[in-house]
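Please work through the following questions with the structure at hand.

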Amino acid sequence: MNTVAVTCAGCGRAVDPMTEVPFRCPAATGDDIDHVLARRLIPPAPPLVDGDSHNPFLRYRRQLLAWHVAIAAGLDDSVYEEIAERLDAAIAGVDGRGFRMTPLFRSDVLAHRLGHDGMALWIKDETDNVSGSHKARHLMSVLLYLHVALAARLPLADGLRFRRLAIASCGNAALAAAVLARAADWPLDVFIPTDAETTVVVRLKELGASVHVCPRPPGTPGDPCVHAYRHAVQAGALPFSVQGNQNGLAVEGGYTLGWELAEQLTANHATPDSLFIQVGGGALASGVMQGMAEAMSDGTIESLPRLFAVQTEGAWPLVRAWRTFSTQNASVADAARHRSRYMRPWESTPHSIAHGILDDETYDWLAVVDFMTRTGGDALIAAETDFAAANAAAKEVTGISVSATGSAGLAGLLAPSIRSAKPASIIALLTGRERS
């Protein structure tokens, strides 16, 4: 197999996806290295787009690890296509929709409402995606790989069907995992906090997920749901996680958003100078930027926008890490070897109306820091009043029922430093719908 490589960005450990499940670095044994597996296409890379399907997992299939594994295992392209279409139909049967490219539109009115007259504001709307957010994109890459491994009868697939899927999440990621697991008829354990929304818990149970509520023990750092999830993985569960250091392949699913953005911006003759993304665990920002970087290498876009990551006053582990990184004038390579100097669990119980980005750690932080450094971006803390104002404006102007978490990136536009900079053109994402 020589068309794709999977290596750990932290330690350099290579993983052969034909013989090892390429989810978590095998060398991640509790050291201070930032272990995240990443797939890399070996030049010459295939064209970004293959065919005219509006399903991103078919349209961009030659970019995906699952497709490369299928071909290397001797499966025909039509076999991969059948797997992807069958899974998509099953997902639509559970959720009422399958995967399709999501809309990109310009809203000068919303730019005006947010205090940026004359700025071109481009909005990528993920609220009508599978399970109502972008999260299912991440997990579809994982599910495709598992089904390709089974279809190809790879040795690593022996007993795979008897291993449960596991995820730690309080909302959209859990719902996305439950939809995909139900569609694939694969048992799923979901580890949630005590304050998870009742509507989310009810829906998880309707979808057949086994729900485990995880109280936060006093004085114990880190997310108790993540701790319980890791115990499940150590006991044999498959990490069906959107955290890059737990399942690097999930980040690849976020590439599809970056590829779509690149295509759509080019079609609209738009070259935004900045991209605002809300950051919790970091896989969204990491995936989007890496996808756009590959689209730039392909020639689809000419340059990358500056990356601005937005966090809450309740928990800002990425901003803290970014400030330390910048103050010390550190290198990405050094930070990868000394994670705890920069990234550590938030010490107090976080609260925010943008509760979906209250991760105790930004698990895929280093890729985000790397892209902020490369593009001249920044990490911002938004006030609760700004999250509320941005959400109200987004819903009123666009008519989209977006949650406070889903519109949180827009709150970054209300920061004084951004107002004074007067950017000419910006992209922001509406990543999840409001649930009643």
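The questions below take up cysteines, a sheet, a helix and the nonpolar cores of this predicted model.

Q: Why is C8 in no disulfide?
A: A disulfide requires two cysteine sulfur atoms within 2.5 Å. The nearest cysteine sulfur to that of C8 belongs to C11 and is 3.7 Å away, and this is too far for a bond. By this rule the count for the model comes to 0 disulfides.

Q: What makes C8 buried and C11 partly exposed?
A: Buried means under 20% relative accessible area, and exposed means over 50%, with partly exposed in between. C8 has a relative accessible area of 3%, so C8 is buried, whereas C11, at 27%, falls in the intermediate class and is therefore partly exposed.

Q: Which residue stands opposite C8 in β3, and how are β1 and β3 joined?
A: C8 stands opposite L37 in β3. Strand β1, residues 4-8, runs antiparallel to β3 and is joined to it by 5 bridges, where at least two are needed for two strands to count as paired.

Q: Why are β2 and β3 said to stand at the edges of their sheet?
A: The sheet is open and has 3 strands in the order β2-β1-β3, with antiparallel pairing. Both β2 (14-15) and β3 (37-41) have a single partner strand, so one side of each is left without a neighbour in the sheet.

Q: Why is helix α13 called largely enclosed by the rest of the structure?
A: Of the 11 residues of α13 (365-375), 8 are buried, so the helix is largely enclosed. The buried residues are W365, L366, A367, V368, V369, F371, M372 and T375, and they pack against helices α10 (283-298), α11 (317-327) and α12 (332-337) as well as strands β11 (306-312) and β12 (378-382). Just after α13, G376 takes a positive phi of about 80°.

Q: Which residues have the most contacts inside the largest nonpolar core, and what does Y80 touch?
A: The largest nonpolar core has 116 residues, and those with the most contacts inside it are Y80, L180 and L188. Leaving aside residues up to four places away in sequence, Y80 touches F57, L58, R61, L64, A66, W67, A70, L144 and V148. Another core, of 29 residues, lies apart from the largest one and includes L114, I400, L410 and A411.

Notes
Residues are numbered from 1 along each chain as its sequence is written. This is a predicted model: local features need pLDDT of at least 70, side-chain atom pairs count only at pLDDT 80 or more; totals for chains, interfaces and linings use all residues. Side-chain values use heavy atoms; hydrogens and water are left out. A nonpolar core is a set of buried Ala, Val, Leu, Ile, Met, Phe, Trp, Tyr and Cys residues joined through side-chain atoms within 4.5 Å. Buried means under 20% relative accessible area, exposed over 50%, partly exposed in between (1.4 Å probe, protein chains only). Contact means heavy atoms within 4.5 Å. Helices (H or I, at least four residues) and strands (E, at least two) are DSSP runs, numbered from the N terminus.
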